[in-house]
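Hi,

Here is the structure I promised to pass on.

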2 protein chains.
Amino acid sequence: MKPSQSRRSKTSRIPEHTISRLSIYFRCLRSLEEEQIATISSKQFARKFGLNAAQIRKDLAYFGEFGVRGVGYDVYALREQIQKILGLTQPWPVAMVGLGNLGQALLRYHGFELSGFHIAVVFEKDKRKIAREPGIGTLFYHIDDVEEILRSSGIRIAILAVPAEDAQSVTERLVAADIDAILNFAPVTLNVPAKVKVRNVDLTIALENLAFFLTHRDHDEPFPTSSLQ
Amino acid sequence: MKPSQSRRSKTSRIPEHTISRLSIYFRCLRSLEEEQIATISSKQFARKFGLNAAQIRKDLAYFGEFGVRGVGYDVYALREQIQKILGLTQPWPVAMVGLGNLGQALLRYHGFELSGFHIAVVFEKDKRKIAREPGIGTLFYHIDDVEEILRSSGIRIAILAVPAEDAQSVTERLVAADIDAILNFAPVTLNVPAKVKVRNVDLTIALENLAFFLTHRDHDEPFPTSSLQ
């Protein structure tokens, strides 16, 4: 087996949920750093944040050896490593399409910035909505300019916050403008070439989880312990 | 072991991600019904929706025997069963707190209704925002009325769409008003009694997933195949 193939098969074994849990660990480690905690065992880490110690060790094992037996993890070093694995040591300018209520809410949501994401450009089809926006570090354009602006921008991630009926056609324009990854809020399944990665945000699934919990608790059956939210 | 204990330990083994995948299967089955497909094998089902056949069989096995070997699943029956497991055979009136951009976007988001969720009441601290809203099947109140209105309403699920700094204090009022389950959009960890279930919507994690994908693809390492989005 050639080295490149061997590396490929190793990375492709990593479950997507492991990646999401790395994001959780990243947040927890940042909060430990704020508390000036320098080392922590996987057990203490798990207890403090309501996680599963065996799962933490298993997730990290995909990426190498972390921590020292009997001592634990170096909080700073592990946070740096996870940040590197997640690709968050660089800033990520992001494009957003759609300035309805959701788009406006996302524009004012500052959680993205902690991880290096910044909504650098916004495209909208309604010119009146564009005119209304204050331009604090974000540029606003009409959707008709999407290909021209994005192709020369180096931006690779787009947030899709348009109505369901516009989602597929806007997606095709984003793909034509060299966008590689889309965070989709429209409640539709997007058709994209294999090289483009889509993550759908389906808010109803989270509500269905809560309904499951309430339904089964009513029958005296506890919900499985939550490790990941 | 008493029967109730045996049942309890069985349910508590169900991973939370299995519940989320049931929501995905539920959507797929609804779409098969629309296409008037009556039976489908787990393999065909997996191929059609980009899922994993072994995972489907494993997830369903937590809840009983579904499908007939060599024939497959009865689409209608399986959709009904999953709907029942998820607790979605009843309507779920939901309370929402916060009428900022996010709250307004959620109020106009019609994806919830397909699964029986309906935002029945909204609480907001700014009286001007309340006055502006049209009342289409939703009642609007000042946040000061939250305990009085909710306690007699039978509503058990609340959506928290308030700024981070208000999230914990509003949560305490919701818990005092007998809310059992909270969908939290504020980027903070809520402290709640053990009986209350919280699901946090962290939009940054989805973006971090995309960053991981782009980073590793750049190094010729493919991202793990996505089964769940």
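Before anything else, please keep in mind that this is a predicted model.

**Sheet in chain B**

Ile159(B) has Leu183(B) in β7(B) as its bridge partner. The strands involved are β6 (residues 157-160) and β7 (residues 181-184) of chain B, which pair in the parallel sense over four bridges. Both belong to an open sheet of six strands, ordered β5-β4-β3-β6-β7-β8 (chain B), with parallel pairing. At its edges you'll find β5 (139-142) and β8 (197-200) of chain B, each pairing on one side only. From one strand to the next, the twist averages 25°.

Helix α10 (residues 164-176) of chain B lies across β3 (92-97), β6 and β7 of that chain, and runs at about 165° to β6(B).

**Sheet in chain A**

Chain A also has an open sheet of six strands, in the order β5-β4-β3-β6-β7-β8, and the pairing is parallel. β5 and β8 (197-200) of chain A have a single partner strand each, so one side of each is left without a neighbour in the sheet. The twist here averages 25° from strand to strand.

Val121(A) has Leu139(A) in β5(A) as its bridge partner. As for the helix on this sheet, α10 (residues 164-176) of chain A lies across β3 (92-97), β6 (157-160) and β7 (181-184) of chain A, at about 165° to β6(A).

**Aromatic pairs**

Over all chains, the count comes to six aromatic pairs. Take Phe45(A) and Phe49(A): their ring centres are 5.3 Å apart and their planes are at 55°, so this pair is tilted. Why are the two separated by about one helical turn? Because they are four residues apart in helix α3 (residues 42-49) of chain A. Phe45(A) counts as buried, since its relative accessibility is 2%, while Phe49(A), at 25%, counts as partly exposed.

A stacked example is Phe123(A) with Tyr141(A), 5.8 Å centre to centre and with 25° between the planes. This pair links distant parts of the chain, with Phe123(A) in strand β4 (residues 117-124) and Tyr141(A) in strand β5 (residues 139-142) of chain A, 18 residues apart. Is Phe123(A) buried or exposed? Its relative accessible area is 0%, so Phe123(A) is buried. Tyr141(A), with 23%, is partly exposed.

Going back to Phe45(A) and Phe49(A), they form one aromatic cluster together with Tyr25(A).

**Helix packing and charges over rings**

Tyr25(A) turns up again where two helices meet: it is among the residues of α2(A) that meet α5(A). Others on the α2(A) side include Leu22(A), Phe26(A), Leu29(A) and Arg30(A), and the α5(A) side includes Val75(A), Leu78(A), Arg79(A) and Ile82(A). The axes of α2 (residues 16-34) and α5 (residues 75-85) of chain A come within 9 Å and cross at roughly 145°. That crossing is left-handed.

In chain B, Arg30(B) lies over the face of Phe26(B), at 4.6 Å from the ring centre.

Cheers

Conventions:
Residues are numbered from 1 along each chain as its sequence is written. Chains are lettered from A and ligands numbered from 1 in the order in which they are written. This is a predicted model: local features need pLDDT of at least 70, side-chain atom pairs count only at pLDDT 80 or more; totals for chains, interfaces and linings use all residues. Side-chain values use heavy atoms; hydrogens and water are left out. Two strands pair if DSSP finds at least two bridges between them. Axes are lines fitted to C-alpha atoms, for helices over the stretch in contact, and angles run from 0 to 180 degrees between N-to-C directions. Contact means heavy atoms within 4.5 Å. Rings of Phe, Tyr and Trp (its six-membered ring) pair if their centres lie within 6.5 Å; planes under 30 degrees apart count as stacked, over 60 as edge-to-face and the rest as tilted. Buried means under 20% relative accessible area, exposed over 50%, partly exposed in between (1.4 Å probe, protein chains only). A charge sits over a ring if NZ of Lys or CZ of Arg is within 6 Å of the ring centre and within 35 degrees of the ring normal. A crossing is left-handed if the near helix is turned anticlockwise from the far one by less than a right angle, and right-handed if clockwise.
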